[in-house]
Amino acid sequence: MKISRIWLSGISSLAMTASTAALAQDQATPTAPPANAASGIADPGLQGQTAVSANGTGDDAEIVVTGSRIQNGNNSPTPLTIVSAEQLQRTTPTNIPDALNKLPQFNAGSATPNNAAIGANGRGFGAPGNFLNLRSLGAIRTLILQDGNRVPGTFYDMTVDTNMLPQLLLSRVEVVTGGASAVYGSDAVTGVVNFITDTKFVGLKGVVQSGISDYGDARSVRGGLAYGLNIGDRGHFEVSAEYFKRRGVSDTASRPYGELYPAVVGGGTAANPYNLVYGARQSNAAPGGLVLTGPFAGQQFLNDGSLAPFNRGTPTATANAAIGGDGGYTQNQYLVPNLRTAQAFGRFDYDLTDTMHFYVQGRYAANHTYAASQIYTNISNATAANPTTAAGSYPLWIYSGNAYLTAAQQAALTSSGTASFAVNRFDNDLMRQLALDQKITAAAGTVGVNGQLFGDFAWDAHYTRGDNKTRFASINNVNTANFYAAVDAVRDPASGNIVCRATLTTPGAFPGCAPLNLFGQNRASDAAQDFTFDTTSWTAKNTMDDFGANATGTLFQGWAGPMKVAVGGQYRHQGLKVTTTVPNTAFNPANLRLGPAGNSLTGSYPTSNLAYFKEVQSGANGSEDIYEANVEANFPVLKDLPLIDLLSLNGAFRYAKYDASGNGGVNTKFNAKTWKLGLEWAVTDGLRVRATRSRDFRAPTLWDLYQNQIISASGVTDPLTNVAAQLNTVAGGNPNLRPEIGKNLTVGVVFNPTFFRNFSVSVDYYNVKISNAIGAVNGLNPLIQSLCLGSDGSSPYCALVNRPISYNNTSAANFPTLVYSLNQNIAQLHAKGIDVEVNYRAELSDLGLDGTLNLRGLWTHQPTTKTTTIPGAITTNASGTQAVPKDKVNFTAAYRLGGFSIDVLERFYSSVHQSANPTLVYNIPNVPAYWQTDLNVSYDIPVGDKSATMFVNVANLTNAKGGIFQDPGYTGSIGLRYPTVNYADVLGRYYTVGVRFNF
């Protein structure tokens with residue numbers, strides 16, 4: 001509260017000072033921005049189809065609009081939204097990709113600094129960063145371009161962390177919300193995001209800013225500098241460097257929902273619906289260890305090593321989940337990680353002749369995301385359970401003679417004849433040491449030449465080289481073999497010291513072994529932790545060599561206008577190599593005591609153990625050659641007729657050939673053909689109708705094809721037995737995959753009436769269907785289980801789950817021992833909806849007032865986001881869930897008076913229900929609608945004939961929290977996830993102050 005008062009007081013003071021100064025200036029009406037100034041909300045002509053020339057001026061300039069390679073002026077049949085870099089930075093000072101993620105066309109839960117985490121279980125298999133995701137159909141189906149050229153992927157699946165792109169020299173961002181594979185190739189299934197560089201910048205500009213949350217944490221700093229100059233009459237040079245750092249928030253308890261510990265319990269049926277409870281605990285495990293067998297059964301170890309009765313709490317409808325009691329739960333989970341990014345960019349242009357232009361540019365970026373001392377807790381980590389039930393991945397047995405047992409405890413074991421007992425332990429202490437560290441570096445260079453041929457034909461050729469590297473490290477990962485060796489602690493008969501039993505029985509098998517005390521929390525010695533912990537990591541390197549050439553111009557003059565064409569060819573070579581420090585993930589139990597004393601053990605026991613408690617990434621190795629050719633044509637058909645000012649047709653076709661190999665010579669070859677048909681109908685001056693139909697594709701990535709099989713562990717709730725526990729999953733690539741096929745339809749209207757100056761509106765309908773979609777078929781999916789049960793065990797899907805008893809036994813003892821999740825071309829995806837965009841610029845002098853008011857509204861209504869994972873399975877609709885709120889609105893208002901400006905951004909996400917699966921029954925209210933307000937106040941201070949802009953930005957002005965939401969999948973890992981919808985800002989009210997200058 002104190003911080004709120006201080007910062008809000010500062011904002012008020014700045015606003016009053018700026019207003020006073022602005023009103024004291026000359027009252028002349030400010031100069032309006034030029035038509036098509038790419039200022040986002042400043043020019044209503046930008047909405048909808050928005051074509052803008054490179055320098056932001058000239059309504060009739062012949063330019064290349066994103067979504068086409070034809071120089072086609074201001075017309076495009078494909079919906080296109082342009083937002084200026086200036087406007088994006090005003091509303092969201094962290095970075096431009098954060099601002100883009102606030103547009104309703106993008107997935108509501110796309111990772112941003114205010115909601116990103118390193119993944120629920122800390123593996124880092126999902127990439128932290130800004131991966132733009134159009135239509136909520138996956139970032140992998142959204143193509144990222146810079147100045148019209150493909151950006152090399154920054155992650156092993158070839159998706160692009162747009163945080164890695166230079167931002168100070170960007171002029172605008174163009175977003176195509178329709179299929180564009182015929183123009184750009186693979187991945188442009190749901191659309192294209194094109195970052196446009198200001199290649200003619202001259203001068204010096206920069207930014208310095210600092211931020212802090214209302215809670216006094218998540219401090220951030222940002223600094224950047226850009227410089228550009230002309231060299232003679234023909235040359236131009238520009239360079240930029242940027243840095244951003246934000247401290248993480250290391251404890252979810254620092255936010256309102258962080259200590260509620262909600263859990264969804266029940267079976268999801270009419271007889272046993274899902275219910276939301278609070279204060280949940282894992283009733284089958286204690287932080288210091290719950291004894292399951294022997295004379296101490298039902299008791300727990302306290303922090304001093306003594307035994308006490310265990311309170312299991314109030315049972316719920318889900319096994320092992322209770323309200324209250326002494327059970328374990330995850331504490332002090334990271335809310336958001338630490339983040340550092342840095343980018344550098346340089347470009348040199350030169351006019352070789354009056355008709356030929358040369359350029360070379362390069363960029364380098366680094367992203368460091370880390371969560372020091374993140375606590376990852378789960379009962380599988382050193383969980384003790386009777387191994388015959390397979391209820392835990394890491395069964396823990398304590399043997400008679402353990403040196404950390406008290407004399408009384410040992411006497412009780414001896415008198416009862418108990419040789420060993422099982423313990424379930426919730427390891428908040430051991431896993432507290434886990435530190436997660438991910439570093440991404442991305443370098444790319446482009447050299448190109450473009451020019452004019454005969455007539456108005458233009459040509460260009462370029463070569464781009466990209467080298468990207470991702471390294472993810474799990475620091476203090478528990479070594480399974482070392483853990484079991486350290487836990488089996490005994491007294492050395494010779495010295496009386498506590499030592500590892502393996503040191504006496506198999507000297508040299510575990511060098512440096514230090515005994516580990518697990519009776520109570522925080523009793524492990526430093527030596528034991530050093531022996532038990534390792535740093536495991538994986539490194540992914542991907543490369544891209546991209547050669548492309550294009551030519552575009554007028555083929556001939558038709559009766560209604562020029563027939564324009566574009567032709568091009570491209571060759572691309574891509575490579576991927578993923579290496580891991582743990583190539584063999586299997587646990588080796590040699591020379592260790594495991595399970596109940598006297599049990600005959602084999603080298604494969606326990607079958608579900610991994611070499612480390614935190615699973616590691618698998619390796620991959622592959623490369624591919626891609627050959628592509630494309631042609632595009634735009635043909636005016638009718639002109640100057642009643643209700644037809646101009647009617648044009650647009651068409652494009654691309655052929656692509658893929659030749660890939662990997663993993664010891666496995667070859668994969670396939671072809672892809674894609675096309676687009678478009679119509680542009682100017683009905684009257686100010687009214688246009690547009691439509692496109694396209695066939696698009698996404699080729700399987702090298703990771704899809706050649707990922708080595710890997711076993712990973714995660715907490716699951718088995719839909720058959722209703723048991724929540726850890727389970728190992730086998731995943732891997734599939735070299736038999738083929739391209740996904742997308743079919744896009746868009747139909748829209750753009751209205752820019754001449755009788756209502758500075759106003760425009762566009763409405764576009766979109767329908768995207770993707771067949772042959774690549775997706776993992778997980779044997780534990782409730783739909784898969786239903787198909788298996790419905791077939792009486794004859795379905796091949798039954799083989800995706802290994803169970804100890806049978807496919808249909810519902811007892812807890814039938815919890816799976818292994819599940820498979822393998823990629824196949826089997827899924828069907830379908831998204832449809834409506835985009836609406838409204839723009840208005842008001843010159844308030846017309847009303848006798850001062851200043852200019854710019855309004856812009858973007859609304860996406862998406863009632864359908866359907867997925868059919870397997871033919872014949874139930875189709876789920878994610879629209880109306882946290883994954884895809886049906887309605888998303890972005891409204892901006894900007895008031896300008898002299899050097900004073902106020903920008904307000906209001907976002908709305910409609911209410912969502914709990915699940916996309918229509919067969920599941922919930923007794924939980926819908927999550928209410930979410931509103932968030934961002935405010936920016938700025939004032940231009942004259943500096944000579946230039947100016948510097950001071951600004952104060954308050955993100956999440958009302959400290960909106962988002963509704964309570966918890967997935968049933970987290971019931972087996974209570975406290976692991978902050979319980980709100982993934983599009984809600986979890987940092988809370990956030991203040992940023994700074995200065996921008998442009999000299």
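Start by selecting strand S7 (220–231), which gives three residues, the largest share, to a nonpolar patch; helices (H or I, at least four residues) and strands (E, at least two) are DSSP runs, numbered from the N terminus. The model is a predicted one, in which local features need pLDDT of at least 70 and side-chain atom pairs count only at pLDDT 80 or more, while totals for chains, interfaces and linings use all residues. Residues are numbered from 1 along each chain as its sequence is written, and side-chain values use heavy atoms, with hydrogens and water left out.

**The nonpolar patch**

Now extend the selection to Leu204, Leu225, Tyr227, Ile231, Phe237, Val239, Ile941, Val943, Met950 and Phe999, which form this surface patch and together have about 740 Å² of accessible area. The elements that give two or more residues to the patch are strand S7 (220–231), strand S8 (235–246) and strand S41 (930–943). Patches are made of residues with over 30% relative accessible area and no salt bridge, where like charges are joined within 9 Å and nonpolar side chains (Val, Leu, Ile, Met, Phe, Trp, Tyr) within 5 Å. The accessible areas come from the Shrake-Rupley method with a 1.4 Å probe, and for residues only the protein chains shown count as cover. Phe237 lies in strand S8 and, at 30% relative accessibility, counts as partly exposed; here buried means under 20% relative accessible area, exposed over 50%, and partly exposed in between (1.4 Å probe, protein chains only).

Lys577 lies in strand S26 (residues 562–580) and is partly exposed, at 47% relative accessibility.

**Salt bridges**

A search of the whole structure finds 25 salt bridges, each being a side-chain nitrogen of Lys or Arg within 4 Å of a carboxyl oxygen of Asp or Glu. Display Asp187 and Arg150, whose side chains meet in one of them at 3.2 Å, N to O. This pair links distant parts of the chain, 37 residues apart, with Asp187 in the loop between helix H4 (181–184) and strand S5 (191–197) and Arg150 in strand S3 (residues 149–150). Asp187 is buried at a relative accessible area of 16%, and Arg150 is buried at 9%.

Move on to Glu680 and Arg688, where the salt bridge has an N to O distance of 1.9 Å. Glu680 counts as buried at 7% relative accessibility, as does Arg688 at 11%.

Then select Asp764 and Arg690, which form a salt bridge with the closest N and O atoms 2.6 Å apart. Asp764 lies in strand S34 (residues 759–778) and Arg690 in strand S30 (residues 687–698), so the pair ties together parts that are 74 residues apart in sequence. Asp764 is buried, with a relative accessible area of 4%, and Arg690 is buried, with a value of 1%. For a network of salt bridges, select Glu86, Arg90, Arg896 and Asp903.

**Strand S20 and its partners**

Strand S20 (residues 420–424) is mostly covered, five of its five residues being buried. Both faces are covered, with Ser420, Ala422 and Asn424 buried on one side and Phe421 and Val423 buried on the other. Strand S12 (residues 290–291) pairs with S20 in the antiparallel sense over two bridges, and Leu290 stands opposite Asn424; two strands pair if DSSP finds at least two bridges between them. Strand S19 (residues 396–399) also runs antiparallel to S20, joined to it by four bridges, with Val423 as the bridge partner of Leu396.

**A three-stranded sheet**

Finish at the open sheet of three strands with the order S11-S16-S15 and antiparallel pairing. Its edge strands are S11 (280–282) and S15 (314–315), each of which pairs on one side only. Three bridges join S11 to the antiparallel strand S16 (residues 321–323), where Ala322 is the bridge partner of Arg281.
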